[in-house]
Amino acid sequence: MSLLTALGAVGVAYLRRLWPLLVVLSVPAVPVVLMSELASVWPALDPVVVNGAVEPLNSPGTGLWVFLGATLVVALALTPIALGGAVLLGAGAMLGRRVTVRDAWRQALRRHLSTLGWLLLLLLWTALVLGLLFTALLVVEAPVGLTVVVLVPLVLYTLPVVVVALPVILLEGHRPFRALAVSWQMGRFRRLKFLLFAALAFGSGYLVRQGLEYLGSLAAVQSVDPLLTMAATALVTALLAPLWPLLVSAPVMLCDSGTRDLDLVAADRQIPRSVTVPEPGSSPEPAARTDPRGRTLVTVPLLALAILLPVAVTPLTLWASGTPRVFTSPVGSISRDEAVPALAAEGDRALITAFQNGPQVVVCDPECVATGDHPYQRRGGAALAADPGFVHTFWREYEHEDREDEASGKYDPHEDSGLYLRHCADLVAETCEEEVGPGTLVRPFGGHHWHVHSAIAPLDEGVVVASYASDRSRAEHFELADQGGLRVQVCEDTACADPHTVVLPEDIRVGAPSMDGTFLDVAVSPEDGFAVTAYDGNHGGLTLVHCPDDECAAPEITEVAPATLLSEYEGYLAPRFGARVEYRPDGTPVVAYRVAQGGAAHVVDCHDAACAEFTDRAVTGPGWARPVPGLAVDSRGNPQLVTFDTTAEQVVLVSCLDSGCAETVTVPLREFEGEPGVTVLTLDEADRPHLLWAQDDPDPFWRTPTFDASSEYVRCLEPRCGADGTAPDAGPDHRSAGLPVP
């Protein structure tokens, strides 16, 4: 049989004997698949379906290790039967013999120990190759190029010999080491042909997996439930699985002069016959009467169930266990814990706007892609999605170019210095300044811009801008009109040509010098007015300002959390301090903040619009590196937070089952290993969470640790990320204690 004839025989055998091959492979695999899938969704692992694949968030415990050991024993007992039966059935088909599934299993059971020995031999070969690779790269520290030049020919030369030993064991009846010798002899002058079939056997599976991963990354496929995608992937894998034993068996079918060929006499003895031929002179025994129709009606559905069970068991198990299903994508442009990001989501599409030395815009649909570079701007800005484009604020400090030096007043307060607002009609920040211009000066401020902050929120067709500036010495020296402090500008439109300014009391302190963070936040009420949260990054105090209407002639101020740090904090964790505010549908605000001392995340349940009466409840335990939690309010008015579980080292979604977070349910979503940095949360119109988080390992060589984050966008496919939300809304008067996240 020539090479092309062997390839053709593989195709013909696959098409004609696909059903028996599926049965002989699938039925013994059912217990192994069931046990493997049960292990993958083991409750203690906190499994999550991430981009269509199951990822455990915890390490296996003792109970799971015992179960995995039992699974390995079952796999070693059943795999030789499935694999041996498939090789016998497929090789028989290529030799023109029709083998039944039952006879293939019987013969595979007789050769069980030899097939098991081949499996262990293959594992030993894999361990030796990995050991040589480890020794060369890590022990000897050989160059990578030299290691590849030495190991790749060795692998390509020996792998076909090990692989072809399997059909030799089953077709000629040899033991593993004798089969290796025969495989070596059969491969003389056929090394490239053997290598071709081995490459097709292993490479076809790799190419199929890569193709399925590519299809899974397409936007049209991302909109499909990942459990259906997993079932489709498993079905394709199951249909292509019979190709492997056929391709492995094909090399022994080759027939060339001068080379050891398959011993057909031995193969005739090993391959079972489907029809028993009576001895000469004897009369055949009468066959027992059976009802083939009745047997078929029972057997075919059972076999079909056995074939489809490995395909459906994973999606069904994940669905029954309520495993969270998420889509993730890296976000490369958000890399600092000082970044002030915001999220807006509609359906499966999300828009990330952030201020990090300038406005950042990232579109996630479904992969997250930055819209371009941004012009460098100093700290203190904010960005917000708009329709169309986005709106952002930034501080700009001008010098007197017509003056020569400091003595002549070059650095004196400039009338054009202050906080600017700019509306970019598209999402490309780098071209916005050229197309729109410098923007609108909404707050002139002639002091130094070393301690400035701002926040922005939509208000009808305009925006509300909250800002803070502190430079009292310079302001008093030059008798500036704006002495600094907290102010709010209310704009009727995004051009903000004539903003209405609200001056708030001077004793409200915000943020920390020379640092960005979520120290300021503003939210607009669904009824009238708005609220501003001001977090003192130096001492840890939190103040809420409520304006009952847009004029805000009589702002109501509530101290939500007193200062907890007696001395001014100057550490590198200050950017992770802060607070966020959102409104419920009934017009009462809810606030989430990080306690400066200890790092616990708290939720403030305001009982009225001004938050004159409130309940402050901790929803996590201490966590020194925890950033301000992400906050969103669902359609029922219940808060949801995304934060870090610092004990389990997981990013978790904390969903409150009542308006005051007296009862919560926590869903772990991602595992982290570095230092927590950023968490942001929003909900789409179906209450499905969209979040952004970041982690980092600080550089120990810097006196003040720097933060260079790796950020990730996560979209949950169900409300509360699949958590049980059937508990009734307890309302604001329900105050029973809930278990906090560590």
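This is a predicted model: local features need pLDDT of at least 70, side-chain atom pairs count only at pLDDT 80 or more; totals for chains, interfaces and linings use all residues.

Me: Let us begin with charged side chains. How many salt bridges does a search of the whole structure find?

Reply: Side chains of opposite charge can pair when their charged atoms come close. In this structure, the search finds 15 salt bridges.

Me: Which residue forms a salt bridge with Arg97?

Reply: The partner of Arg97 is Asp268, and their closest N and O atoms are 2.3 Å apart. Asp268 belongs to helix α12 (residues 264–270), whereas Arg97 sits in the loop between α3 (62–94) and α4, so this pair ties together parts that are 171 residues apart in sequence.

Me: Is Arg97 buried or exposed?

Reply: To answer, one reads the relative accessible area, and a residue counts as buried when this value is under 20%. Arg97 has a value of 19% and is therefore buried.

Me: Where in the chain are Arg584 and Asp605?

Reply: These two side chains meet in a salt bridge, at 2.6 Å from N to O. Arg584 is in the loop between β20 (578–583) and β21 (589–594), while Asp605 is in strand β22 (residues 601–606); the pair, 21 residues apart, links distant parts of the chain. Arg584 is buried, with a relative accessible area of 4%, and Asp605 counts as buried at 1%.

Me: What is the distance between the closest N and O atoms of Asp482 and Arg487?

Reply: In that salt bridge the distance is 3.5 Å. Asp482 is buried, with 5% relative accessible area, and Arg487 is buried as well, with 17%.

Me: Which residues are linked in a network of salt bridges?

Reply: The network links Asp348, Asp684, Arg688 and Arg715.

Me: Which helix gives the most to the nonpolar patch?

Reply: Helix α5 gives the most, with six residues. Both α5 (112–139) and α6 (144–172) supply at least two residues each. Val144, for example, lies in α6. This residue is exposed, because its relative accessible area is 57% and the cut-off for that class is over 50%.

Me: How are helices α2 and α4 placed, and at what angle do their axes cross?

Reply: One compares the directions of the two axes. Those of α2 (residues 18–40) and α4 (residues 101–110) come within 10 Å and cross at roughly 50 degrees. That makes α2 oblique to α4. The crossing is right-handed.

Me: Finally, how far apart in space are Ser114 and Gly84?

Reply: One sets the separation along the sequence beside the distance between C-alpha atoms. Ser114 and Gly84 are 30 residues apart in sequence, and their C-alpha atoms are 9.8 Å apart in space. Ser114 has its place in helix α5.

Notes: Residues are numbered from 1 along each chain as its sequence is written. Side-chain values use heavy atoms; hydrogens and water are left out. Helices (H or I, at least four residues) and strands (E, at least two) are DSSP runs, numbered from the N terminus. Buried means under 20% relative accessible area, exposed over 50%, partly exposed in between (1.4 Å probe, protein chains only). Axes are lines fitted to C-alpha atoms, for helices over the stretch in contact, and angles run from 0 to 180 degrees between N-to-C directions. Angles under 35 degrees count as roughly parallel, over 145 as roughly antiparallel, 65 to 115 as roughly perpendicular and the rest as oblique. A crossing is left-handed if the near helix is turned anticlockwise from the far one by less than a right angle, and right-handed if clockwise. A salt bridge is a side-chain nitrogen of Lys or Arg within 4 Å of a carboxyl oxygen of Asp or Glu.
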